[in-house]
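My notes follow in the order in which I looked things up.

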Amino acid sequence: MSGVEQIVAVDLFCGVGGLTHGLAQAGVNVRLGVDLDPACRFPIEANNSTEFLAADVANLTPSDILSAFGDSKISLLAGCAPCQPFSSYSQSARRDGPHEDWELLSSFSNLVLAVRPTLVTMENVPPLRKQQIFKDFVAALQDAGYFVDFAVVDGRNIGLPQRRQRLVLVASSLGPITLPAADKSSVTVRDIIAGLPPISAGEKHSEDPLHASASLSKLNLKRIRHSKQGGTWRDWPKELVAACHTRKTGATFPSVYGRMAWDEAAPTMTTQCYGFGNGRFGHPEQDRAISLREASMLQSFPKDYAFTPKGAPINFRTLGRLIGNAVPVLLGEYIGETLVDHVKAFGDQHD
Ligand SMILES: C[S@@+](CC[C@H](N)C(=O)[O-])C[C@H]1O[C@@H](n2cnc3c(N)ncnc32)[C@H](O)[C@@H]1O
């Protein structure tokens, strides 16, 4: 075929499909998503033309991936291994010894070398780039003939309404590949969630069960009523301040129990982003934490992305984990566009 071949992808550690969905928006055909967590099947299959395989990536065989690629000419293996072992928070605890999750990057690397896809991408937390395991991964790709580029991408520069920095790697066997500078104008919390109907703490919206906010204790209701946009617990009357805040250790976490500011980016969405006490996750003006739908939209999922089957119970812990762990869809789109443009540039050489 002359012109550009469609990229066919397998997404390892696919989660609820942030990367899968973003790649698809950019024109990549993601045929298979693999994750250990069976709760990912519904969101992957309901929102994407992607089949889901519940499996441990460490036990995956090259033929599992090759059969999904079929006879496609341009294949992509994507793998966003869990990031907790590489975060700065967990590094100090684990600095002295390997953690089994770190091995997942090796499993991914082994699969790349066995399958030899045309393209590879990986996303993780920025501290990973200083780790030997990452340097080994890059060296293994280069030794196998891949051109590699990686960079830390700030979510605010790709149109994400969130202060989230991620390490992105792309590799290609077609030719030199570069992650383009991201320079989109900034998007605010207001731009994304101002249009959603108001709800109270503990309420679930009748038309969208994901637009549900966790209930608040009487004390926390009083606290949020005294919280200012972008402010801290220091704005509260003394009697509402918890003893742990006034201790030296608490003073270093001024944004817990904070409200987001309408006209700024949101903080990084975490697995606990539905809890008022877990960070600056208070709604800018309603007296509640953000809803799960708001969290997913701040992660750039479409407003109607389905995370659970109709009528299924809403479990904050499970859905918070799935949404907080997701790769923002816009980051997936940025990666997908980079790869599609690269294939366009080198497509002729592959015909
Ligand atoms: C950072 S999240 C991935 C987010 C996802 N790529 C996205 O685009 O939204 C990491 C995922 O790895 C999965 N996981 C952890 N260990 C795994 C393993 N051994 N095999 C397969 N999946 C695993 C977790 O269930 C989790 O969904």
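**Entry 1, the model as a whole.** I note at the start that this is a predicted model, and that the protein averages a pLDDT of 90, with 89% of the residues scoring at least 70. One stretch I set aside is residues 88–98, where pLDDT stays under 50 and for which the model has 6 contacts beyond four places in sequence. I counted 12 helices and 7 strands in the protein, and of its 351 residues 43% count as buried. Looking at contacts with a separation of 6 or more, I found that residues 24 or more positions apart account for 69% of them.

I then went to H5, which runs over residues 103–115 and reaches 18 Å from its first C-alpha to its last, close to the 18 Å expected for its 13 residues at 1.5 Å a residue. Which residues of H5 are buried? I listed Leu 104, Leu 105, Phe 108, Ser 109, Leu 111 and Val 112. Seen down the axis of H5, these buried residues fall within an arc of 160°, so they line one face of the helix. The spacing in such a list is what one looks for, because an α-helix has 3.6 residues a turn and residues three or four places apart point the same way. As for what the buried residues of H5 pack against, I noted strands E1 (7–12), E4 (74–79) and E5 (119–124), together with helices H3 (62–69) and H6 (132–143).

Just after H5, Arg 116 takes a positive phi of about 50°, although Arg 116 is not a glycine. I placed Arg 116 in the loop between H5 and E5. Is Arg 116 buried or partly exposed? It counts as partly exposed, because it has 15 C-beta neighbours inside 10 Å, and burial would take 20 or more.

I found a positive phi of about 70° at Ser 300, which is not a glycine either, and which sits in the loop between helix H10 (292–298) and helix H11 (316–324). Ser 300 is buried, because 26 other C-beta atoms lie within 10 Å. Leaving aside neighbours within four places in sequence, I recorded contacts of Ser 300 with Leu 160, Pro 328, Val 329 and Leu 330. I also noted that the C-alpha atoms of Ser 300 and Gly 159 are separated by 9.0 Å, though these residues are 141 residues apart along the chain.

How many residues surround the ligand? I recorded 21, the closest being Gly 15, Gly 18, Leu 19, Ala 326 and Val 327. Sorted by class, this shell has 14 nonpolar, 4 polar and 3 charged residues.

Technical notes:
Residues numbered from 1 in each chain as written. Predicted model: local features only at pLDDT ≥ 70, side-chain atom pairs only at ≥ 80, totals over all residues. Near = placed C-beta within 6 Å. Nonpolar A, V, L, I, M, F, W, Y, C, P; charged D, E, K, R; others polar. Helix = DSSP H or I, 4+ residues; strand = E, 2+ residues; numbered from the N terminus. Expected span 1.5 Å × (residues − 1). Buried ≥ 20, exposed ≤ 12 C-beta atoms within 10 Å, placed from the backbone. Arc of directions from axis to C-beta. Contact = placed C-beta atoms within 7 Å. pLDDT = per-residue confidence, 0-100.
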